[in-house]
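Please look over the sequence and the structure shown here before reading on. The report that comes after them is meant to be read with both at hand.

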Amino acid sequence: MINFLQNLIDALSLGSLYALVALGIGLLFGILRLVNFAHGDFITIGAYSLILPSASVTATMVIGSWHWEALIPMVCVIVIIVAMATDILVFRPLRRSSAPTLMIASFAVSYMIQNGVLMIYGARPKAVNLWSALTTQINFYGLREPVLQLVTIATTIVLMVGLSLFLKRSRWGIQMRAAAEDFRMAQYLGVRGNFVIGLAFAVSGILAAAVSLLFLAQTGALSNVMGVPLALFAFVAVVVGGMGSLPGAVVGGFLVGIVTTMLQAYLPPDLRVFRDAFTFTFVIIVLLVRPAGLIPSRSIVERV
Amino acid sequence: MSAMLELSDVEVRYGRLVALRGLSLEVHKGEVVCLIGPNGAGKSTAMAAIAGGVPRVAGSIRLNGQELPARKPEQIARLGLSLVPEGRHVFGTLTVEENLRVGGFLRGNARESAAALERVAGYFPRLKERWTSPAGRLSGGEQQMLSIGRALMTNPRLVMVDEPSLGLAPLIVDAVYEILLELREREGLTLLINEQSSHRILRFADRIYVIRNGTIQLHGTAEALRDGEAIKAAYFGFKGTGANANVVEGAKA
Ligand SMILES: Nc1ncnc2c1ncn2[C@@H]1O[C@H](COP(=O)(O)OP(=O)(O)OP(=O)(O)O)[C@@H](O)[C@H]1O
Ligand SMILES: [Mg+2]
C-alpha cells in the first residue's frame, strides 16, 4: 500500500510536469493552430540560463546560485523573451501560413535552439545541483517522498489555477479565449491579434520556465536535447486530451505521466525497457476509442 | 453631402476568382442602405473588404473621407465601424456576458465599457436572461441578437449586418429588424445590411443596391424601386422585366 502511494505521488509529479508542458503547447495550438515543438527547447534554455555560458565540462552557476526569489523571476523573464522573440522573428511573418507550415517552422526553431546551445555550451551533458535541499525525503507515516515531488505537484496546481483565473477573469484572458475560438471575428471586434498572440507566447514561456526549474532540480543534468522528450510526451498528452482543449491538455498530461510511471513500477523487469512502447499502445487505444481525444475542443469541432 | 462610407472601384480576388470587380457604393450618415444579391454575388466579400478582413487589389474605401487601411480589422473597429457577420460568429464557449465584453475592450476605459454593457443589456432583455450561458447554447435568434449587441459594444457609428435573416423564422426576423431600427433611432446608427431577397428590405431600407457578379447592377431609393420589377431584372441579370423572371439565370452564380 505504502509502495503504491509512493508510486502514485511519483506518477502525479511526472504527470504534473507533462501537464505543464502540454498546457504551454495547447495554449498556442488553441490560438494559432501552431503545434510548437520548440516548446521543449524553451525549457532547455530556461535550464541553461542558470549557468555561465561556456563550453567547459563543469557548470558554473550564475543565476543558478541566486536566491530563489530572484532566480525564478529571472528565468521566467529569459524564457519569456526567447518565446516572444520566436514569435516576432519566426511565427509572425508566417501568420497566414497553414498549420503544417507552422509546425515545420517550429521544428526549425527547435533545431536552431538545440544547436545554438551545443555551440555555446559544448556537447557534453553537465551536472548541475539546483535546490538540493528539496531532494531530502520527508517521512509521513512510513511514506517517504522527496519534498521536490510535492513541490512539483503544488507548483503545477498553483500555475493551473492561476492560468485558469487569468483566462476566465482578466480582460486579456477573455480576449485570448475569443481569439482562440474565432481569430478573425475577435479582430473585427478590435482585439489586437498580434498582441494577444504575443501574450500567449509569454504565458507559454512562464510555463516552460517552471518546468525548466522543476525538471532540472529532479534530474540534475543539463543537455542540449533535454526538452525534446518532454515536448514529445506533452504533444502526445495534448492529442490524447483533445487538441485545442486546455482541460484536455492537463488530463492528458497527468494520464501519460501516470501510465508511464505505473508501467515503470509494475511491468515485469524484462519488459521495462519497452515501457514507452506500452505507453504509446495505450495512447493508440485511447485514440481508437475517442479519436478527438478525451475532452474534445468544441471550437475545433465547429471549425471543421 | 459627402458620404460617410464610400467605396469606389473596389476589386477583390480569391486566388484567380474575381469576387468584386469595380464595386462602388455610398452610405450616408443616418441611412439604412441595403445590398441585395443572389448567392455568390459578393455581398459578404464587400463587407469583409470594408472591415479589413480581405485584401483589395484595387479601388478605395473611405470612411468620412479617410482611406481605410487594408487588412487591419482591429484598427478599423476602432474607427467606429462594426461588422455583424453572416452566420453570427458568436464565441460559442464564452458566456453571453463574455461575448459582449470582448466587444467592449477596445474602449480601454473600464467604466465606459461597463456602462455600455448595461445599455446593451437593456436593448436585449432576452440576453440578460441567458447572461451566463455559453453562447453556443443560444437559439439562432438569440445568437443574432448577441452578435448585434456585441457589435454595439465597440461604440460604432456604422454597423454592417450580413444577412440578419439567415436561418431565422419570419417572426424572429421581424424582431431583429425592429431592434435594428430602434438602434438606428436611439443610437444614431447608420446601417448597411446585406440580404438575399428584397421583399422585407423594401420596408426598412432608405436606399438599395443590387449586386451581382461582383458589381452593382442597380441602385436607387426604396421608394423608387418599390414595385420590385427593376430589382428582379437586375438581380437575375436580364434587361426585360416581369414575365419570365423565374427563368433564373442568377441561379448559376
Ligand atoms: N474565402 C474564400 N475563398 C475563396 N473564394 C471565396 C471565399 N469567400 C467567397 N468566395 C467566393 O467569392 C464569391 C463571392 O462570395 P460572397 O461570399 O461574397 O457572396 P455573397 O453575396 O455573400 O453570397 P451569399 O448570399 O451566399 O452569402 C463567390 O464566388 C464565392 O465562392
Ligand atoms: Mg454572404
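**Chain A as a whole**

The model is a predicted one, and its chain A has a secondary structure of twelve helices and four strands. For a chain of 304 residues a compact globule would have a radius of gyration near 19 Å, and because chain A has 19 Å, its value agrees with that expectation. Among contacts in chain A between residues at least 6 apart in sequence, 74% join residues that are at least 24 apart. Further values for this chain are collected in the table.

| Property of chain A | Value |
|---|---|
| Span of the C-alpha trace along its principal axes | about 60 × 45 × 35 Å |
| Share of the 304 residues that count as buried | 50% |
| Accessible surface | about 13,500 Å² |
| Part of that surface belonging to carbon and sulfur atoms | 72% |
| Distance between the mean positions of the 18 positive and 10 negative charges | 8 Å |

**The nonpolar cores**

The largest nonpolar core holds 113 residues, and those with the most contacts inside it are Leu50(A), Leu5(B), Ile50(B) and Leu81(B). Helix H8 of chain A, which covers residues 193-219, gives the largest share of this core, namely 14 residues. Apart from this core lies another one, of 47 residues, which includes Val161(B), Leu180(B), Leu189(B) and Ile201(B).

Which residues does Leu81(B) touch, if residues up to four places away in sequence are not counted? They are Leu5(B), Ile50(B), Leu63(B), Leu68(B), Ile76(B), Leu158(B) and Met160(B). Leu5(B) and Ile50(B) in this list are also among the residues with the most contacts inside the largest core.

**A helix and a residue of chain B**

Helix H1 of chain B, made of residues 43-51, is mostly covered, since eight of its nine residues are buried. Ile50(B) is one of these buried residues, which also include Lys43(B), Thr45(B) and Met47(B). After H1(B) comes Gly52(B), whose phi is positive, near 90°.

Is Gln143(B) buried or exposed? Buried means a relative accessible area under 20%, and because the value for Gln143(B) is 15%, this residue counts as buried. When its neighbours within four places in sequence are left aside, Gln143(B) is in contact with Arg88(B), Val90(B), Ala135(B), Gly136(B) and Leu138(B).

Technical notes:
Residues numbered from 1 in each chain as written. Chains lettered and ligands numbered in written order. Predicted model: local features only at pLDDT ≥ 70, side-chain atom pairs only at ≥ 80, totals over all residues. Heavy atoms only, no water. Core = buried A, V, L, I, M, F, W, Y, C linked by side-chain atoms within 4.5 Å. Buried < 20%, exposed > 50% of the residue type's maximum accessible area, 1.4 Å probe, protein only. Helix = DSSP H or I, 4+ residues; strand = E, 2+ residues; numbered from the N terminus. Contact = heavy atoms within 4.5 Å. Rg over C-alpha atoms; globule rule 2.2 N^0.38 Å. Areas by Shrake-Rupley, 256 points an atom, 1.4 Å probe, with all protein chains shown as cover. Lys, Arg positive; Asp, Glu negative; His and termini not counted. Charge placed at Lys NZ, Arg CZ, Asp CG, Glu CD.
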